[in-house]
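Please consult the sequence and the structure below while reading.

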Amino acid sequence: MDKRKFLQKLGVAATAGVTGSLLSCRETVSKKADVPYINFNKTYRWKMTTTWPPNFPVVGEGCKMMADWVRKMSGGRMDITVYGGGELIPALEGFDAVSNGAIEMNHGAAYYWAGKLPAAQIMTTVPFGMDAQQMDAWIQAGGGDKIWQELYEPYGLMAFPAGNTAVQMGGWFNKEINSIQDLKGLKMRIPGLGGKVFARAGGTPMLQSGGEIYTNLERGVIDATEWIGPYHDYLMGFHQVAKYYYYPGWHEPGSVLELLVNKAKFEELPTDLQEIITSAALRLNRWMGAEFDAKNGEYLEKIKAVEGLELRRFPDDVLQTLQKYTDEIMSEMIESDPLARRVYEAFNDFRSTIRPWMDISNKIYYETMI
Ligand code: CA
């Protein structure tokens, strides 16, 4: 190939790379003539509800940071007020409120909508599934975003990945887990598909918003809970009311947090504000993941230092059985739900595409690094 043709090819590839890098599936590159008229005197005031308690560190904190970024990037034309769960609507009712347009945005996680749309759970995480890096790759560059938007379209919603917890911890227990039998009869706060797997092991999964868990664990309404990881779990105070802290978080290997937006209201916005929201969500996505990673090591040490508390690894045979149950649950789910089949097949296709690369990069590196 001569140099000119080679450069031309690079130019084409570079353009495709740019359009492919930021939530590509919904983007097109505007030509100069397409830049629309924008009324810079109009201010938009939006409400963002969240599933998190008011002023919650990282997740709630990040939403307020996002509102601030948007305010600054838009020169004050986009003014988003962030509400904690229960301040404006109950913590887990964001899906309906944004769908019917009462609220413009909600920050939470797609698995909270399992009761309405079971397939949405796959967009948060699948037990023993992809980690944060792989979920980002799938959603932002591997077709996952398109699937997500299709899933929410009938509800007048769009979704942005807007945070990731990375691999979570397995949870807080007051009894030792030495075999799969030890999960039998336990009432545990564990949402999403992980909860279904836990039920197959004989436990009773419960879905509770973050603000309710500590009191329920303290009073024995639940026997165990999972939450996120060392930093957030420590702030929640679970080390004061549980004896054992188990790892790894097999049920949530890289949970994607979600910014839900009312699609019609988003489409009414001038294009610059649409891009500002898209960019701020992407920044929030990265910031939350980085914040969890940065603080988890520090807080793990604090947790290890708590007297009377034991850090434990789930036995291998417990994890293997849970993985077997996960395969069963996922097979049953896709048999009965064509939407879940479509989403899970896309998830698995991407996973099998990225896996050979992960196997000779991250995996080997983590196994061998000193
Ligand atoms: Ca969790």
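Which residues coordinate the calcium ion, and at what distances? In this predicted model, the donors are Q168 (OE1), E226 (OE), E226 (OE), W227 (O) and E252 (OE), at 2.0 to 2.9 Å. Along the sequence, the donor residues follow the spacing Q-x57-E-W-x24-E. Distant parts of the chain are linked in this way by W227 and E252, which are 25 residues apart. W227 belongs to the loop between strand 8 (224–225) and helix 9 (230–236), while E252 belongs to the loop between strand 9 (244–247) and strand 10 (256–262). Both W227 and E252 are buried.

**Domains**

**Nonpolar cores**

The largest nonpolar core comprises 89 residues. Within this core, M66, I122, W138 and Y152 have the most contacts. Helix 11 (residues 271–304) provides the largest share of the core, 11 residues. Where does this core lie relative to domain 2 and domain 3? Because domain 2 and domain 3 both give residues to the core, it lies between them.

The surroundings of W138 can be listed individually. With neighbours within four places in sequence set aside, W138 is in contact with I122, M123, M130, G143, G144, D145, V343, A346, F347 and F350. Another core, of 21 residues, lies apart from the largest one; F128, I180, M188 and V318 are among its members.

**Largest pocket**

The largest pocket holds about 1400 Å³ of space. Its lining consists of 39 residues, and those nearest the pocket centre are G129, D131, V167, P253 and Y366. Which helix supplies the largest share of this lining? Helix 11 does, with 8 residues. Each of helix 5 (132–141), helix 11, helix 12 (316–336), helix 13 (338–360) and helix 14 (362–368) contributes at least two residues to the lining.

Technical notes
Residues are numbered from 1 along each chain as its sequence is written. This is a predicted model: local features need pLDDT of at least 70, side-chain atom pairs count only at pLDDT 80 or more; totals for chains, interfaces and linings use all residues. Side-chain values use heavy atoms; hydrogens and water are left out. A nonpolar core is a set of buried Ala, Val, Leu, Ile, Met, Phe, Trp, Tyr and Cys residues joined through side-chain atoms within 4.5 Å. Buried means under 20% relative accessible area, exposed over 50%, partly exposed in between (1.4 Å probe, protein chains only). Helices (H or I, at least four residues) and strands (E, at least two) are DSSP runs, numbered from the N terminus. Domain bounds come from an automatic or database domain assignment. Contact means heavy atoms within 4.5 Å. Donors are N, O and S atoms within 2.8 Å of the metal (3.2 Å for Na, K and Ca); water is not among the atoms, so sites may look incomplete. On a 1 Å grid over the protein atoms alone, a cavity is a set of points where a 1.4 Å probe fits but cannot get out, and a pocket is an open set with protein on both sides within 12 Å along at least five of seven lines; lining residues have an atom within 4 Å of a point. Grid points are joined across faces, edges and corners, and a volume is the space filled by probe spheres set on the points.
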